[in-house]
Amino acid sequence: MNYTKFFIYIAVSAGVTYLIRMLPLVLIRKEIKNKYILSFLHYIPYTVLAVMTVPAIFSSTGNLASAVVGCVVALILALFNKGLMTVACCSSVAAFAVNLIIELIAKNS
Amino acid sequence: MPPKELTSFKQGIKDGLPICVGYFSVAFAFGIFSVGHGLDVVQTLVISLTNVTSAGQLAAVPIMAAGGTLVEMAATQFIINLRYALMSVSLSQKLGKSVRFVDRFIIAFVNTDEVFAVASSKKETVGRRYMFGLILTPYVGWAAGTLLGACAGNMLPEIIISSLGIAIYGMFIAIVVPETKKSKATLFAVALAIVLSCIFNFVPVLSKIPSGFTVIICAGLASLIFAFLCPIDTKKEAEQ
């Protein structure tokens, strides 16, 4: 990507992100009390992450089988409240193992 | 008795260290993700230095790679990062007397979920020197992780890179799943968001909608519906 276009994108994304964080901190001193707005803001992080994960995760490893295995490993570990790093590493290792097996099979056939 | 104020820069650095370690790994995964989408190492680092938001950056990269419109970029960042507005409102009540007007402009730049969480968890109000310490370590971790991840993404063999592609999604799963165990309403909101996301990705006409808008529509709709169906008890939430 050329740098001019890149910096325009950066200006927009960083600018919007900063304004969202800065304006309330500098201007607003009253607390938000409306429970519907509070609830909406409570759900947003989780629904956003979910939407970004599914279905993109299934094409994240170059191969559906390894992605499914990695995803299942991540889900199981997350259900047991394992930390971010543990879940991410184990899920990557599981995907790597399946990718390795697939590559070996492809070489031998 | 007036509330005490945390004023130690060192204490801030110390409280920021666990966040720094966590950010390093997320940023590492982001670095790999970004160069995987065709951005170079410098561009990837600049994104992290200027945005400082994991979900926002992860949404921004595909928009850049696909040559999306600036409206799409602005709208996506707005909805994904809207929660920071709430955190900033809340944090503004927590800042101590030593925080000057200009300091607020700097603190806002690195008011991430985790920095906010640590600052809010303090009994005392937080002073300027404490806050500068608290945002410095995570910011350094975020930048260093991004740089190393982007370099690794250019050097490691293809099979390892593609396997590491799942890492950042693994982290997202580790954030979302424990929360859905705590709250049925969050579980259903997440489930609805996923169903909508699949519809928008696989139904022919809808799949033409740019990725940024898909995130806004699916996450926004699911959150809106559940905000009205199951509004959270804010008093109960505050006690936790």
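Reply: Here is a walk from the interface to the core, then to the domains and the charged pairs.

This is a predicted model, in which local features need pLDDT of at least 70 and side-chain atom pairs count only at pLDDT 80 or more, whereas totals for chains, interfaces and linings use all residues; side-chain values use heavy atoms, with hydrogens and water left out. Residues are numbered from 1 along each chain as its sequence is written, while chains are lettered from A and ligands numbered from 1 in the order in which they are written.

Let's start at the interface. Contact here means heavy atoms within 4.5 Å, and by that rule 70 residues of chain A touch 95 residues of chain B. Together the two chains bury about 7,400 Å², with 76% of this area on carbon and sulfur atoms. On the chain A side, Arg21(A), Leu25(A) and Tyr43(A) lose the most area to chain B, together 12% of what that side buries. Buried area is the accessible area (1.4 Å probe) that two parts lose on being put together, summed over both.

What about polar links? Between chain A and chain B there are 23 residue pairs in polar contact, with both residues at pLDDT 80 or more. Helix H1 (3-26), helix H2 (35-53), helix H3 (64-79) and helix H4 (84-108) of chain A each give at least two residues to the side that touches chain B. H1(A) supplies the largest share of that side, 19 residues. Helices (H or I, at least four residues) are DSSP runs, as are strands (E, at least two), numbered from the N terminus. A polar contact is a pair of N or O atoms within 3.5 Å; within protein, one must be able to donate a hydrogen and the other to accept it, and residues adjacent in sequence count only if both atoms are side-chain atoms. Salt bridges across this interface number zero, the term meaning a side-chain nitrogen of Lys or Arg within 4 Å of a carboxyl oxygen of Asp or Glu.

The largest nonpolar core has 89 residues, and Met52(A), Met64(B) and Met131(B) touch the most other members. Domain 1 (5-164) and domain 2 (183-239) of chain B both give residues to this core, so it lies between them. Not counting residues up to four places away in sequence, Met52(A) touches Ala55(B), Leu58(B), Ala59(B), Ile80(B), Tyr169(B), Phe172(B) and Val215(B). Another core, of five residues, lies apart from the largest one and has Ala185(B), Ala189(B), Phe226(B) and Ile232(B) among its members. A nonpolar core is a set of buried Ala, Val, Leu, Ile, Met, Phe, Trp, Tyr and Cys residues joined through side-chain atoms within 4.5 Å. In soluble globular proteins, nonpolar side chains tend to be buried together.

Eight residues of domain 1 and six residues of domain 2 take part in the contact. The pair buries about 520 Å², 78% of it on carbon and sulfur atoms. Glu72(B), Thr76(B) and Ile79(B) supply 65% of the area that domain 1 buries against domain 2, more than any other three residues. Here the counts are zero salt bridges and zero residue pairs in polar contact (both at pLDDT 80 or more).

Asp103(B) pairs with Arg100(B), their closest N and O atoms being 3.2 Å apart, and a 2.9 Å salt bridge joins Asp103(B) to Arg128(B). Arg128(B) lies in helix H8 (residues 128-155) and Asp103(B) in helix H6 (residues 101-109) of chain B, so the pair ties together parts that are 25 residues apart in sequence. Buried means under 20% relative accessible area, exposed over 50%, and partly exposed in between (1.4 Å probe, protein chains only). Asp103(B) is buried at 0%, while Arg100(B) is partly exposed at 44% and Arg128(B) is partly exposed at 24%.

Key. Domains from an automatic or database assignment.
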